[in-house]
Amino acid sequence: MSLKNSSTFFIIILLLISCNSKQKKYADNLVFRYNEHANISSLDPAFAKNQANIWAVNQLFSGLVQLDDSLQVKPDIAKNWTISKDGKTYKFNLRKDVQFHKHFLFGKDSTRFVKAQDFEYSFNRLLDAKVASPGKWVLKNVESFKAENDSTFSIQLKKEFPPFLGLLTMKYCSVVPKEIVEYYGTDFRSHPIGTGPFKFKLWVENTKLVFRKNNSYYEKENDVQLPYLEAVAITFLPDKQSEFLQFIQGNLDLLNSIDPSYKDDILTDNGTLKQKYASTVNIVKGAYLNTEYLGILADENNLVTNSILIRKAINYGFDRKKMIKFLRNGIGTPAINGFIPKGLPSFNNAKGYTYQPEKAKHLIEEYKKVSGNNNPKITITTNSQYVDLCEYIQKELQNIGLETAIDVVPPSTLRQSKANGKLTVFRASWIADYPDAENYLSLFYSKNFAPNGPNYTHFSNSQFDTWYEESFKITNKLKRYNLYQKMDSLVIAKAPVVPLYYDEVIRFTQKNVKGLGINPINLLNLKRVRKK
């Protein structure tokens, strides 16, 4: 080969490599990649019971209504709705342009439009004992529902429940096509057909899951059809350290939350991004509907924790700000404003418990005088994940004169003992099922005593119960929120719990990811995401 021909051949090779490199980069910019270390058990919305399943299902399915990032209920397949004056009848008017993802079972056109009858079928399926959906409870207050015609779906409640629209935004309430579900049966979990912005392509369980763009999706942004991405690729690395390394190497677009294995490598003590990652990584934080707390059982047989003096001393006796800074790398907000977390419109900005060690000591001394018990003791029960927090509280409480022990048990034991009323002081958290403060206040309603409900502290107060029941009859949001705040203030005054911190959503993304957003329920919405 001549020198001239060799040079030409070399240039052609370089051009081919360059073109392939550009094509790969272009393709990468159309695919959103994240890892799901907790694995995914089902793509059937009837089993969207945890974050791993919910994130995947949210890309494939849609329902009557949806939440925006401010937790406001917005139209989805229902373009509008009306609510009767008594708050019991909901009537939804459906869009007529929503199509299911393509499938050969739909016949000649490989798809069809969603009708009200599809929601009737989907809701009946959710209630079907044979399906055994964990989301059946969402419809427990529903008397009946029906398709009045192809585009009108109505729901009748047993009694008024103002947060009901928020319940309908849960992925359990997604619409599914009868002919596809009945063809696959339980295998619908791995052959999902929905109406969401992405459609199912491939699932190699425990290895990889791929969604492709739904070119018939009905939502638009500024007259541009969504979604912008061509695909979503999900991997299943179980090790969080490996997930972190894949993200740092640029092989993942999103890293959700923070883990002790790498938190000190990526974050400063104040929760800001370390300088070495500033040029390649974006960090965004926001309120998360999760309150971490210590619960205190109302037990007349335990004279220590049954005393409001002791319960208030615990609340005043440790520095929440220092705890967040040094044990959580600044992730979270000290819970000094009540039990309802930041991120909800009814968040109570009233003054709760701040760090006042001298006041806490005085309360302990007062307890000793009143009770005759000169050596009060408590035991905090926790699982291994929160030992560091409990040890910090232990040390602080012993400094104010309250002897404190820690009992570390497996998570399953903690859950069972808490539900059965066997623990006097226990670490717990409450993550909202739906975006309304009623979800948090239900923990203090006397008719919800565990094990038949979420009142694990067995708190009982007649005034609280009256306000709680009254809240269901108030349709005006602001009036209901004001009542919620009164209830929250009453709980804090009686101190059956020790709020520790309001959690935060934290997301790390590559610099080229745009439009991801963040919300207080940490729902992953990819329909408006671009990669540049």
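## The second largest pocket

In what follows, Ala, Val, Leu, Ile, Met, Phe, Trp, Tyr, Cys and Pro count as nonpolar, Asp, Glu, Lys and Arg as charged, and the others, Gly among them, as polar. The structure discussed here is a predicted model.

On this scheme, the lining of the second largest pocket consists of twelve nonpolar, four polar and seven charged residues. The volume of the second largest pocket is about 680 Å³. Among the 23 residues that line the second largest pocket, those closest to its centre are Lys 140, Phe 161, Glu 438, Tyr 468 and Phe 472. Three helices, α4 (164-168), α13 (438-441) and α14 (462-471), each contribute at least two residues to the lining of this pocket.

## Nonpolar cores

The largest nonpolar core contains 106 residues, of which Leu 64, Phe 92, Phe 123, Ile 155, Leu 168 and Phe 464 touch the most other members. The greatest contribution to this core comes from helix α15 (residues 477-494), which provides six residues. A second, separate core comprises 32 residues, including Ile 324, Ile 364, Ile 378 and Ile 400.

Phe 464 may be examined individually. When residues up to four places away in sequence are not counted, Phe 464 touches Leu 441, Phe 444, Tyr 445, Phe 459, Met 487, Leu 490 and Val 491.

## Val 232 in strand β12

Strand β12 (residues 231-235) includes Val 232. Is Val 232 buried or exposed? Val 232 counts as buried because its relative accessibility is 0%, and buried means under 20% relative accessible area.

Which residues is Val 232 in contact with, leaving aside its neighbours within four places in sequence? They are Phe 32, Tyr 34, Phe 198, Leu 209, Val 210, Phe 211 and Leu 526.

## Cysteines

How many disulfides are counted? The count is zero disulfides.

## Enclosed cavities

Rolling a probe the size of a water molecule over the atoms shows where empty space is left. In this model, the count comes to two cavities of 30 Å³ or more. The largest cavity has a volume of about 40 Å³, and its lining is formed by Pro 45, Ala 46, Ser 122, Arg 125, Leu 126, Tyr 172, Ser 174 and Val 176. These lining residues divide into five nonpolar, two polar and one charged.

The volume of the second largest cavity is about 30 Å³. Asn 315, Arg 320, Ala 335, Ile 336, Asn 337, Gly 338, Gly 352, Tyr 353, Ile 492 and Pro 499 line the second largest cavity. By class, the lining of the second largest cavity has five nonpolar, four polar and one charged residue.

## Asn 337 at the second largest cavity

Asn 337, one of the residues lining the second largest cavity, lies in the loop between β15 (333-334) and α10 (357-371). Asn 337 counts as buried because its relative accessibility is 16%. Apart from its neighbours within four places in sequence, Asn 337 is in contact with Phe 347, Asn 348, Asn 349, Ala 350, Gly 352, Asp 488 and Tyr 502.

Conventions. Residues numbered from 1 in each chain as written. Predicted model: local features only at pLDDT ≥ 70, side-chain atom pairs only at ≥ 80, totals over all residues. Heavy atoms only, no water. Core = buried A, V, L, I, M, F, W, Y, C linked by side-chain atoms within 4.5 Å. Buried < 20%, exposed > 50% of the residue type's maximum accessible area, 1.4 Å probe, protein only. Helix = DSSP H or I, 4+ residues; strand = E, 2+ residues; numbered from the N terminus. Contact = heavy atoms within 4.5 Å. 1 Å grid on protein atoms, 1.4 Å probe; cavity = no way out; pocket = protein on both sides within 12 Å on 5 of 7 lines; lining within 4 Å. Points joined across faces, edges and corners; volume = space filled by probe spheres on them. Disulfide = S-S within 2.5 Å.
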